[in-house]
Amino acid sequence: MFKHRDVPAISVIVPVYNGEKYLGQCLNGILKQTFRDIELIALDDGSTDSTPEILADFAARDSRVRVVTKENSGYGATINRGIDEAHGEFVGIIEADDWPSPHMYARLHRAAVRNTCDLVKCDFYTTYETWEASANNFAGYPVGRVFDTVDEPQVLCIAPSPWAALYRRSWMLENNIRCRETPGAAFQDTSFTLKALFAARRCLLIGDNLVHYRCDNEASSTNSRDKALAVCGEYAEALAALRRMPDRCEQLAGWLYVIEWRSYGWNYTRIAPELRLPFAERVREEFLAAAADSAWNCDLFAVDELERVAELLELGAEQFVERYPETYQKVGG
């Protein structure tokens, strides 16, 4: 089945926990790719529904499917196990409630090989039960040409989408691009995506929508409101990783603080009201340290963003939350 002594060109990692509702659509989307030189590594993270039976059925019907059954340890640990299990020159990730367009991996692989890329990313559809739309995730970013992230540091502000990408596996291992292993936490794609972008010396963005990202799955971590501080741990992890890259930290850290502030603004709006004060206290602590960093650059922030940062630092968390009880983001921004 595979070329080059049974080594596949691409290993597609599918982490799944109780994914019976959408799993079949996901797996069929991978196996029906126009690019056939793929191994599909499905990692069952301790499912208690019919997921194991669905995976066994697919494995029996297609030799490219390999099922790894493990005790429940969370999304990050499951992704990392998949990277360890992969044999392919390149690695892709698809979450069990999403699915790729039929030519996704053909497009990504061709671009990665032709351009000797570490990382190739595509745009995606935001998909709901009865409609979908282009995420338009790359508007204003360098599409269609190879770049080093330090030369285009604003790309750190692209919404995390680790499943809309192809990664050279040897590069991932060399740069320790892995998820945080925090059982029960959320947002573990955040530090993973940032670490990949920090290390990408040859990155390419493809503007076409090649994967369907489901947004109305109630079990998705993006719909969890009880993990207010999980995202903070992700940015702490990302900053620590960046500081281990002194040749790249100076150019990238300022932009990291910008995307961190924007991400925190989105999280502040969605969490339960009673969690906003402890969250604001944590954010204030982090941005007091950020503002003292030599990489801090006020010019990278929008005017309204910088005003809100200043208010939080000067007023303190309690008065800030009183002033902004629901959101501190600019309406429409």
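This is a predicted model: local features need pLDDT of at least 70, side-chain atom pairs count only at pLDDT 80 or more; totals for chains, interfaces and linings use all residues.
Figure 1. Residues are numbered from 1 along each chain as its sequence is written, and side-chain values use heavy atoms, with hydrogens and water left out. Helices (H or I, at least four residues) and strands (E, at least two) are DSSP runs, numbered from the N terminus. Helix α9 covers residues 246-270, and its 25 residues reach 35 Å from the first C-alpha to the last, close to the 36 Å expected at 1.5 Å a residue, where the expected span is 1.5 Å times one less than the number of residues. The helix has a kink of about 50°, centred on L252, the bend at a residue being the angle between axes fitted to the seven residues ending there and the seven starting there. Because 18 of its 25 residues are buried, α9 is largely enclosed by the rest of the structure.

**Figure 2. V258, a residue of helix α9.** V258 lies in helix α9 and is buried, with a relative accessible area of 0%. The C-alpha atoms of V258 and C157 are separated by 7.7 Å, although the two residues are 101 residues apart along the chain.

**Figure 3. Strand β4 and its two partners.** In strand β4 (residues 90-93), F90 and G92 point one way while V91 and I93 point the other way, and all of them are buried. Two strands are said to pair if DSSP finds at least two bridges between them. Strand β1 (residues 10-16) pairs with β4 in the parallel sense over four bridges, and V91 is the bridge partner of S11 in β4. Strand β8 (residues 165-168) runs antiparallel to β4 and is joined to it by two bridges, with R168 of β8 standing opposite F90.

Figure 4. D44, which has its place in strand β2 (residues 38-45), is buried yet has no salt bridge, and the nearest side chain of opposite charge, K70, is 8.4 Å away. For such charges, Lys and Arg count as positive and Asp and Glu as negative, whereas His and the chain ends are not counted. A salt bridge is a side-chain nitrogen of Lys or Arg within 4 Å of a carboxyl oxygen of Asp or Glu. The side chain of D44 is instead joined to that of S47 by a polar contact of 2.6 Å. A polar contact is a pair of N or O atoms within 3.5 Å; within protein, one must be able to donate a hydrogen and the other to accept it, and residues adjacent in sequence count only if both atoms are side-chain atoms. E286, in helix α10 (residues 276-291), counts as buried at 16% relative accessibility, and its side chain makes a polar contact of 2.8 Å with the side chain of R282.

**Figure 5. Two asparagines with positive phi.** N136 lies in the loop between β7 (132-134) and β8, and its phi is near 50°, a positive value in a residue other than glycine. At 51% relative accessibility, N136 counts as exposed. N176, in the loop between α6 (169-174) and α7 (188-199), has a phi near 55°, which is likewise positive in a residue other than glycine. At 47% relative accessibility, N176 counts as partly exposed.

Figure 6. R107 forms one with D208, the closest N and O atoms being 2.8 Å apart. This pair links distant parts of the chain, with R107 in helix α5 (residues 104-114) and D208 in strand β9 (residues 203-214), 101 residues apart. R107 is partly exposed at 23% relative accessibility, and D208 is partly exposed at 37%. In another salt bridge, the side chains of D148 and R248 meet at 2.7 Å, N to O. D148 is in the loop between β7 and β8 and R248 in helix α9, 100 residues apart, and both D148 and R248 are buried.

Definitions and conventions: Buried means under 20% relative accessible area, exposed over 50%, partly exposed in between (1.4 Å probe, protein chains only).
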